[in-house]
There are 2 protein chains.
Amino acid sequence: MKKLTDFKTPIFLDYASTTPTDPLVLKSMQPILENYYANTMSIHNLGQEAKDILERAREGFAKLLKVNSGEIVFTSCASESNNFVIKGIAYAYKNQGKHIIVSSIEHPCILQSAKWLESKGYKVDYLSVDENGIINLEELKNLINDETVLVSIMHVNNEVGVIEPIEKVGEIIKNIKADRLNRKVQTPLLFHSDASQSFGRVNLNVNKVGCDLLTLSSHKIYGPKGAGLVYIKKGVKIAPLIHGGGQEFGFRSGTINTPAIFGFWKAAELAIKRQKQDFDRALKLKTKLIKTIQSKIKNFRLNGDINSQVPQIISLRFDFIEGESLVYLLDMNNICVSSASACASLSLSPSHVLMAMGLKHEQAHGTIRVSIGRFTKKEEIEYFLKVIPDIIEKLRNISPFK
Amino acid sequence: MKKLTDFKTPIFLDYASTTPTDPLVLKSMQPILENYYANTMSIHNLGQEAKDILERAREGFAKLLKVNSGEIVFTSCASESNNFVIKGIAYAYKNQGKHIIVSSIEHPCILQSAKWLESKGYKVDYLSVDENGIINLEELKNLINDETVLVSIMHVNNEVGVIEPIEKVGEIIKNIKADRLNRKVQTPLLFHSDASQSFGRVNLNVNKVGCDLLTLSSHKIYGPKGAGLVYIKKGVKIAPLIHGGGQEFGFRSGTINTPAIFGFWKAAELAIKRQKQDFDRALKLKTKLIKTIQSKIKNFRLNGDINSQVPQIISLRFDFIEGESLVYLLDMNNICVSSASACASLSLSPSHVLMAMGLKHEQAHGTIRVSIGRFTKKEEIEYFLKVIPDIIEKLRNISPFK
């Protein structure tokens, strides 16, 4: 094992918040950054060359997702994609129904978009989850009514790594669609899934899931920041979030970020190619990590059920501890983890995900997220496991909770 | 002069549609792309290092614009910025007034956002321009009423390069604000300017203009694609376009694209540093270009008044010609120009800018935009001037219009 002093460079165990761009991806982007700068909307040679890159990326994603290339719309990030979907569907079908359902553990960009719609007169229901973070399918069935136009359930949660049963959701929605058709109810029922945290980690079969819309993010899969996409099934109406020059079939205006989109595509290909290998390595590291902590530290729990989680996201709960303090002390030992999701980490309120899973305030506050990735070395996990018991003991000694 | 055959690489005369990233900027971004990948919202070391880069860029822009760093909000592009401003101001002040005014020659992202608001019950007025593309200030005064919450006038137009008198607009708005205050009218009147095409080309003094909001774009100033910003004066309320994790003071959620924002800042510094030099070179090239065409080609006009334009954007009108065909033939000679703006170039309708300037359909259709930039060589303009007379003659010979 490496010595403590070997880790002067911080150990990054925060892959769920963002990933470094894979060097292979970065290298592939260089010629695009340098030469394919023209505007994809320009009809001249250089413009059309840039457009070719864009369309190759679009076709590449269509192939990876087994959908049509005309169903892929690029955006600047997953937050934009999710805002676009939630608001865009609500606006487009407002005359047919103003009810949407999202899970209570969605990313803030979904939840805040839903809150925005509530302030505009829409009705939103927030689907509950069990102690493992898994959505309640019976409740979903009961919540859907003839005013419901959209159900949005994430594939993998960013804080605890739980894999949601989106194929079962797809099945439920398919049946209700059939029933509406029978009853001649005109309101469409659409199913969206935010797959930002699942793509490249677990299998994702759009056709099997039967979703109408799907979100992916580049910087979560070792691609560059600045690119995301939405799969929009042919025939689905959606209002643009960003109006203007009419790029992306009129669904997302703004000059195309060709280098980022190209890198996103290359990252996606690599993620699929490496999925099994990355998964297996992560699972080994996660298993070792949990077993070791269990053997060394008392009053510890893994949040959620390991069997329904991706191995890359590990939510660790220590009683009598303030997770924030733990993050700081680990940071002083050159280890980067998160207290919750990065987006929520500056807020003082407890994680909405952990609260939805039924944790008490102090349990949610006693949680850290360790997320491992493609470049995580065994030695880094060993170092983490070496330093954490002392830190926990130190924090518990000064804890007012114990 | 170089021979024809020397230009096998296309000559890019379409800098108004987008610019290549300056090699100096690209080089400065490399370490950020490789090492500063962490999420700026993460509280650990690597996250805070990324946040430092972000805040340095923010302070850099504040210094360049002589505003406070807390007044700079980064976005993914100018289209997003402009959608955010137009819709966000309208939504934020909807209870105080539902009237906005934009010029009729704004970029489509402003015009389409305004149309979107019209569909939501807002009233929009489209300010007319004279034959040179300059807005009518008297009309502006008359259009503003106590319901008006926003006036949006671009600084430099993307199609003809006309510089709008935004300082005079600022003066008018300042007086009306004072009058409203006197009359105890609560409705605020805000002034936005899209300066995407002016920054680094002509002087821009936010305080002298007195605007409340301003848009800048990275890829128009030799920065990378994927970054834009909005200056939002302290105290101005605005609804986010993209809700979520609360980045950018809650005004723009989504994981921060640190490398692009850093590059944007470096590009902005360079643009200001090189402004005079780039301007003088462009003016020389533009003067030569126009004089030469005037001497060689009949029935030619520069659209607008050269004295109220930036030298980098040149709108050339040839009678009895289809601009689109001219773009294609120039492209076959390895010269990249645009028929109108890139965003409108795939549409068959005539340029809304040229029509607003009072051109006839066939005059608008007979126009091409030549936009020159930092890397335009004298030889490239000479080559353009050498090939264009024959092309015009060829097209006129087959023209049904003549």
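Is A:Glu269 buried, partly exposed or exposed, and what is its relative accessibility? At 31% relative accessibility, A:Glu269 is partly exposed; buried stands for under 20% relative accessible area, exposed for over 50%, and partly exposed for what lies in between, with a 1.4 Å probe and protein chains only.

The views below show a predicted model, in which local features need pLDDT of at least 70 and side-chain atom pairs count only at pLDDT 80 or more, while totals for chains, interfaces and linings use all residues. Residues are numbered from 1 along each chain as its sequence is written, chains are lettered from A and ligands numbered from 1 in the order in which they are written, and side-chain values use heavy atoms, with hydrogens and water left out.

View 1. A:Glu269 and A:Lys266 form a salt bridge in which the closest N and O atoms are 3.1 Å apart. The term covers a side-chain nitrogen of Lys or Arg within 4 Å of a carboxyl oxygen of Asp or Glu. Both residues belong to helix H8 of chain A and are 3 residues apart, about one turn of the helix. Helices (H or I, at least four residues) and strands (E, at least two) are DSSP runs numbered from the N terminus. An α-helix has 3.6 residues a turn, so residues three or four places apart point the same way. A:Lys266 is partly exposed, at 24% relative accessibility.

**View 2. A salt bridge between A:Arg252 and A:Glu80.** The two side chains meet at 2.7 Å, N to O. The pair links distant parts of the chain, 172 residues apart: A:Arg252 is in the loop between E8 and helix H8 (258-273) of chain A, and A:Glu80 is in helix H3 (residues 78-92) of chain A. A:Arg252 is buried, with a relative accessible area of 7%. A:Glu80 also counts as buried, at 1% relative accessibility. Over all chains, the structure holds 38 salt bridges.

**View 3. Helix H9 of chain B and its buried face.** H9(B) (residues 275-296) has 22 residues and reaches 31 Å from its first C-alpha to its last, close to the 32 Å expected at 1.5 Å a residue; the expected span is 1.5 Å times one less than the number of residues. The buried residues of the helix include B:Asp278, B:Ala282, B:Leu285, B:Leu289 and B:Ile293. Seen down the helix axis, the buried residues fall within an arc of 165 degrees, so they line one face of H9(B); the arc is that of the directions from the helix axis to the C-beta atoms. The face turned away from the buried side carries the exposed residues B:Lys276, B:Lys284, B:Lys291, B:Gln294 and B:Ser295. Among the elements of chain B that cover the buried residues are helix H8 (258-273), strand E10 (313-318) and helix H13 (378-397).

View 4. B:Arg374 is buried, with a relative accessible area of 5%, and B:Asp278 is buried, with 8%. In chain A, salt bridges that share partners join A:Asp22, A:Arg274, A:Asp278 and A:Arg374 into one network.

View 5. B:Arg180 counts as buried, at 2% relative accessibility. Neighbours within four places in sequence aside, the residues in contact with B:Arg180 include B:Asn145, B:Asp146, B:Thr187 and B:Leu189; contact means heavy atoms within 4.5 Å.

**View 6. A:Tyr222, a residue other than glycine with a positive phi.** Phi of A:Tyr222 is near 70 degrees. The residue sits in the loop between strand E7 (213-217) and strand E8 (228-232) of chain A. A:Tyr222 is buried, with a relative accessible area of 9%.

**View 7. The interface of chain B and chain A.** The contact takes 62 residues from chain B and 62 residues from chain A. The chains bury about 5200 Å² between them, 64% of it on carbon and sulfur atoms; buried area is the accessible area (1.4 Å probe) that two parts lose on being put together, summed over both. In chain B, B:Tyr37, B:Ile43 and B:His243 lose the most area to chain A, together 14% of what that side buries. Across the interface the rule finds 0 salt bridges.
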